[in-house]
There are 2 protein chains.
Amino acid sequence: MSPTTERIAVVGGSISGLTAALMLRDAGVEVDVYERSPQPLSGFGTGIVVQPELVRYLLEQGVELDSISVPSSSMEYVDALTGESFGSVPADWRFTSYDSIYGALYELFGPERYHTSKCLVGLNQDSDAVQLRFSDGTQAEANWLIAADGGASVVRKRLLGIEPKYAGYVTWRGVLQPGEVSDDVWNYFNDKFTYGLLNDGHLIAYPIPGRENSESPRLNFQWYWNVPEGADLDELMTDVRGIRLPTSVHNNSLNPHNLRQFHSKGERLFAPFRDLVLKASSPFVTVVADATVERMVHGRVLLIGDAAVTPRPHAAAGGAKACDDARTLAEVFTENDNLQESLQRWETRQLQQGNAYLQKVKRMASRLQHGGSFEPGNPDFAFGLPAVDEPSVVKNF
Amino acid sequence: MSPTTERIAVVGGSISGLTAALMLRDAGVEVDVYERSPQPLSGFGTGIVVQPELVRYLLEQGVELDSISVPSSSMEYVDALTGESFGSVPADWRFTSYDSIYGALYELFGPERYHTSKCLVGLNQDSDAVQLRFSDGTQAEANWLIAADGGASVVRKRLLGIEPKYAGYVTWRGVLQPGEVSDDVWNYFNDKFTYGLLNDGHLIAYPIPGRENSESPRLNFQWYWNVPEGADLDELMTDVRGIRLPTSVHNNSLNPHNLRQFHSKGERLFAPFRDLVLKASSPFVTVVADATVERMVHGRVLLIGDAAVTPRPHAAAGGAKACDDARTLAEVFTENDNLQESLQRWETRQLQQGNAYLQKVKRMASRLQHGGSFEPGNPDFAFGLPAVDEPSVVKNF
């Protein structure tokens, strides 16, 4: 194809959407990003363990890994009620935050073709183009649509009727600013990734960069609660206005009763974990859900990242998978003469990778959420994307 | 029972909730109404055909029917594309509006025990009482809970997991103020109930009282559109912010694209119907859905009205059914020594009535929405509640 004759629309301006858009723009393609949020995104202090695929584009652009992440030297496995250690293994991960990665990508892409308040509600395609309709009544057209609109993908819903399936648990997330916990607690969690294991659910905690790169690092944690679908989940996910939210209830709209429960359960934890729970200023809750698809290529509509295969967390590579989908798709577009055939090979490989990853994190969850055996350093539970058999279609595979 | 020793909570402060609360309070029971809306309710100009059960309490209190309704002399059956008449039958209905009925009931009940911004999110019961939890983190307790929280009942959802099932069509509603249509159009619809029949969907139109009783009557209409579940329905019910709403999209948050479609389809209608569609200042859209239950009595929780059996419209007696549930339940509470046995008999009769009504409106819809035979004056399609066989448990049955 001739890049300059094609226009590509990316729906969803998060990490994978921006990665795809940047790589395509670098190759001379006309790219517009349509983001439903009225302003650039915020991760509310969400941490991410760095995988190579996540930061590859940024490193290529000369971004220094040190400027967007903090180091670690071990992984710790602890009983979150008693503090008993089940083991420790050396691990030189780097930890970043959603805001660090997104912020760096957004700064590179710039606001000009990043269209905010553009919430996709409908689409059609014909042999030449895809028509997009947004909730504000406006429309857009492009030759291709890259759907990078995440686990709650509207594109996937419209095309396939598929919504993520609740995994049986939610995650409470929180972040602690420097000084919000004692030095002892800080040192307990600093420089490591800590599992707080329980018979019912589990916690994780690790440091992440400061809000600005110049600021001191913060601590972020997640506490996964098993919550049965139905009345209990509905009550937890109903916000202070009485609206049942599908994905997250943010701190400023939490029902105070649910926040009291969070704190009251936190009282029972081993002291350092308890301090994270009780001292986090803005904890919020998100459902954990999975989805997969049989195809990522639907005519001129291409699903990537969570909009294709939505994995629960636990192997710390959901963002890496999404960025790998984005990068390899951009390469298919810019480096292949036989686009249709390359797209099919791209789909085969990325689906294999995505589904293998989904199976892996499901296996991890079946242990982590129910007090199963979770051996320190077990390679089956290692962070990162699984290896795939499919041959590369482009140079960088 | 001794009324004064029991406290009853009514969840849902709409017409049936207020009717139950008023009758119980009149009998000396301590009653609190919990309404999720932050202010007293509005029907946005929604019309209601008066059935005896709907206004019975108000008439007993000395409210004049003339002050809350306008008369009619016929029902008209018209081809909504061509204007051809299929027939006319005499009919002395009276037409009111949601706001007229609700306003009169609310004025009688008063604000003191009518608690706004109380959105139920969870409940528990034991042998003596029901505990209620609201989205603002507050709680309440009562000996009985009357769930009058409508078709989207949270109580029914929490107890039974039942949500209304989409009926395959939506209704656009609009209201025309005096002077917003020509005298010819006004006279075309005045003093009658008009069916605008189509091969795909249908319209109804009739006059309703003015916003204040002193103001001139208005015209209200509904236009029922068949919309397949899935992408089309999701797009229609997604508001201007991009949020998929479960029940209604009000005028100020309609996607402009959907409003344009409404107007563009309206252009094809026979002139008087077209004028209603094009000149209504604030049309809005609501999904049509049904639900039923196997029990209305669940320990100390009692489902009434749409919170028990949610019927689609068409026989103009959904509000009447709800008020009949409310009245007969209040009578069970205030006039029977053997409460449990009376509750069971109440449930049997009201469920029979509700389900018979639901079957009737489903039969009507199967004709009305698909260009089926809809003979003028066919008694099977008459407005009102069906007769029931069950014997009365209280004096007024």
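**Note on the predicted model: strands, sheets and helix contacts**

1. Strand β5 of chain B, residues 74-79, is mostly covered, with six of its six residues buried; buried denotes under 20% relative accessible area, exposed over 50% and partly exposed the range in between, with a 1.4 Å probe and protein chains only. Helices (H or I, at least four residues) and strands (E, at least two) are DSSP runs, numbered from the N terminus. This is a predicted model, in which local features need pLDDT of at least 70 and side-chain atom pairs count only at pLDDT 80 or more, while totals for chains, interfaces and linings use all residues. Residues are numbered from 1 along each chain as its sequence is written, chains are lettered from A and ligands numbered from 1 in the order in which they are written, and side-chain values use heavy atoms, with hydrogens and water left out.

2. On one flank, β5(B) is joined by five bridges to strand β6 of chain B (residues 85-90), and the two run antiparallel; strands are taken to pair if DSSP finds at least two bridges between them. Y77(B) has G87(B) as its bridge partner in β6(B). The hairpin of β5(B) and β6(B) has five residues between the strands, and in this hairpin G83(B) takes a positive phi near 85 degrees.

3. β5(B) is also joined to strand β14 of chain B (residues 192-197), here by six bridges and in the parallel sense. D79(B) stands opposite L197(B) of β14(B).

4. These strands belong to an open sheet of eight strands in chain B with mixed pairing, ordered β6-β5-β14-β15-β16-β13-β18-β17. Its edges are β6 and β17 (248-249) of chain B; each has a single partner strand, so one side of each is left without a neighbour in the sheet. Further along the order, strand β15 (residues 202-208) and strand β16 (residues 218-226) of chain B run antiparallel and are joined by seven bridges. I208(B) has R218(B) as its bridge partner in β16(B).

5. Helix α9(B) packs on this sheet and touches β5, β13 (165-176), β14, β15 and β16 of chain B, its direction making about 95 degrees with that of β16(B). Contact requires heavy atoms within 4.5 Å, and angles run from 0 to 180 degrees between N-to-C directions, with axes fitted to C-alpha atoms, for helices over the stretch in contact. Helix α11 of chain B (residues 339-368) lies across β13, β14, β15 and β18 (284-290) of chain B and runs at about 55 degrees to β14(B).

6. The axis of α9 (residues 271-279) comes within 9 Å of that of α8 (residues 256-266), both of chain B, and the two cross at roughly 165 degrees. α8(B) and α9(B) are therefore roughly antiparallel; that class covers angles over 145 degrees, with under 35 roughly parallel, 65 to 115 roughly perpendicular and the rest oblique. Their crossing is left-handed, that is, the near helix is turned anticlockwise from the far one by less than a right angle (right-handed if clockwise). F262(B), H263(B) and G266(B) of α8(B) meet R274(B), V277(B) and L278(B) of α9(B). The contact residues divide into three nonpolar, two polar and one charged, where Ala, Val, Leu, Ile, Met, Phe, Trp, Tyr, Cys and Pro count as nonpolar, Asp, Glu, Lys and Arg as charged, and the others, Gly among them, as polar.

7. Helices α1 (residues 15-26) and α4 (residues 98-109) of chain B have axes that come within 10 Å and cross at roughly 30 degrees. This makes α1(B) roughly parallel to α4(B), and the crossing is left-handed. Residues in the contact include L18(B) and L22(B) of α1(B) and I101(B) and L105(B) of α4(B). The contact divides into 11 nonpolar residues, one polar and one charged.

8. In chain A, an open sheet of three strands has the order β9-β10-β11 with antiparallel pairing. β9 (120-125) and β11 (139-142) of chain A are its edges, each with a single partner strand, so one side of each is left without a neighbour in the sheet. β9(A) pairs with β10 of chain A (residues 130-134) over five bridges, and L120(A) stands opposite F134(A) in β10(A).
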